[in-house]
Amino acid sequence: VEPLDVEAIRAEYPILDQSVDGTPLVYLDSAATAQTPDPVVDAMSDYYRETNANVHRGIHHLSQQASAAYEEAHDRVAEFVGASGGRKELVFTKNTTESENLIAHAWGLRELGPGDEVVLTQMEHHASLVTWQQVAMRTGADVKYIEVTEDGRLDMDHARECITDDTAMLSAVHVSNTLGTVNPVNELVDLAHEHDALTFIDGAQAVPTRPVDVEAIDADFYAFSGHKMAGPTGIGCLYGKEALLAELDPYLYGGGMIRKVTYDDSTWGEVPWKFEPGTPPIAEAVGLHAAVDYLEEIGMERVQAHEEHLAEAAYDALSDIDGLTIYGPEPGPDRAGLVSFTLENVHAHDLASICNDHAVAIRAGDHCTQPLHDTLGVAATARASFYVYNTVDEIEPLVEAIEDAQSLFA
Ligand code: PMP
């Protein structure tokens, strides 16, 4: 694939063109939130300047335009992830976390009970781990975790042991936000289906970074967030197979999601509206539509290749530093563009703080994977993550900052 023209790309991200105390900003925190390019900001700003109104098919001109834009955004995002049912298979939520909660509550509270098992992986984000854990506690279901190997991959032998006829739901992260591992989700979904279990895939780190086809994966449910894929905050997505979403009851209630309401009872509208009560994220949907257009124009194969290239360069550069430990698989097709690490004698928070002194933005902490950090035997890691606008040259300031931290704490 043809490499990205990163200079041209950066021109659409004015936020990157700034200094922190006189040093040029190096933004290596895109796995937390990616930056938003001009075409996306412009689409939202145009929406507010020209089209803003509440949706749900109001009678007046602006409401009709806003409704059409909001509805179309569902179809466009569905198409982007290979969901042929369009809006019938694509619900807008607040974020990946809400998408997880929606299914865990709407499906899990109804379907799970004693004797049922929910199978997760040890590398789940709290968005999935805490949600299924709590819904399992309320329903009497058990939770099992597929173990992570020494080299940061899923132990697929253990997966085959965990997934049995008692499995009701397999919920697995597609790309780990801590280890960078790209999990074999097709294989996991097939295993679950062989045992008649449903599957939920957390694609928060996958959809932004590689081509994703939910139908090729055959996932029953698949979730992701706008703010990690060049889109705005405040909007997330839930893909679900049409028949499954159609037969579920709503998770949240209110206006805009009903068919008929009396003082005694209510009935629900069609998917996706039945899962989108209240005023939805309309401008954000317009922004996400623009983000999907933007990413598709670049080409997701090229985005993936760029990420892999940067991850490999960072991995190699950091590997040369004494006392530095990198977590997750070696660079390759099953490692995404993020690198988590610890440095001997330096707490991850101090490391991030010294990086900040060098205007290098990285994240430190448990990255919402506390149990995984317990398994790794560390309280916190530092994480550098990359996106379309990062260059290989930006790894050098990171290395310098780490070496500075090392000498300060020596
Ligand atoms: N899952 C993964 C793998 C993530 O990286 C994140 C974001 N850190 C989430 C879920 C949660 O996403 P959000 O905060 O947008 O709900």
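Modeller: α4 passes α5 in a right-handed crossing. The model is predicted: local features need pLDDT of at least 70, side-chain atom pairs count only at pLDDT 80 or more, and totals for chains, interfaces and linings use all residues. Residues are numbered from 1 along each chain as its sequence is written, and side-chain values use heavy atoms, with hydrogens and water left out.

Colleague: Why is α4 called roughly parallel to α5?

Modeller: Helix α4 (residues 96–111) and helix α5 (residues 126–139) pack at about 20 degrees, with axes 9 Å apart. Roughly parallel requires an angle under 35 degrees. So α4 is roughly parallel to α5.

Colleague: Which residues of α4 and α5 make the contact?

Modeller: Contact means heavy atoms within 4.5 Å. Among them in α4 are Thr97, Ile103 and Trp107; α5 contributes residues including Trp132, Val135 and Arg138. By class, the α4 contact with α5 has 7 nonpolar, 7 polar and 2 charged residues.

Colleague: How do α11 and α14 pack?

Modeller: Helix α11 (residues 300–319) and helix α14 (residues 395–409) pack at about 25 degrees, with axes 10 Å apart. That angle makes α11 roughly parallel to α14. The crossing of α11 and α14 is right-handed.

Colleague: What meets what between α11 and α14?

Modeller: Leu310, Ala313, Ala314, Ala317 and Leu318 in α11 meet Ile395, Leu398, Val399 and Ile402 in α14. The contact residues divide into 9 nonpolar, no polar and no charged.

Colleague: Where do the axes of α2 and α10 come within 8 Å, and how do they cross?

Modeller: Helix α2 (residues 38–50) and helix α10 (residues 282–298) have axes that come within 8 Å and cross at roughly 145 degrees. That crossing of α2 and α10 is right-handed. Among the contact residues are Met44 and Tyr47 of α2, with Val286 and Tyr294 of α10. The classes are 12 nonpolar, 1 polar and 1 charged.

Colleague: Which residues around the ligand come nearest?

Modeller: Of the 14 residues around the ligand, Thr97, Asp202, Gln205, Ser225 and Lys228 come nearest. Being near takes one heavy atom within 4 Å.

Terms used: Axes are lines fitted to C-alpha atoms, for helices over the stretch in contact, and angles run from 0 to 180 degrees between N-to-C directions. Helices (H or I, at least four residues) and strands (E, at least two) are DSSP runs, numbered from the N terminus. Angles under 35 degrees count as roughly parallel, over 145 as roughly antiparallel, 65 to 115 as roughly perpendicular and the rest as oblique. A crossing is left-handed if the near helix is turned anticlockwise from the far one by less than a right angle, and right-handed if clockwise. Ala, Val, Leu, Ile, Met, Phe, Trp, Tyr, Cys and Pro count as nonpolar, Asp, Glu, Lys and Arg as charged, and the others, Gly among them, as polar.
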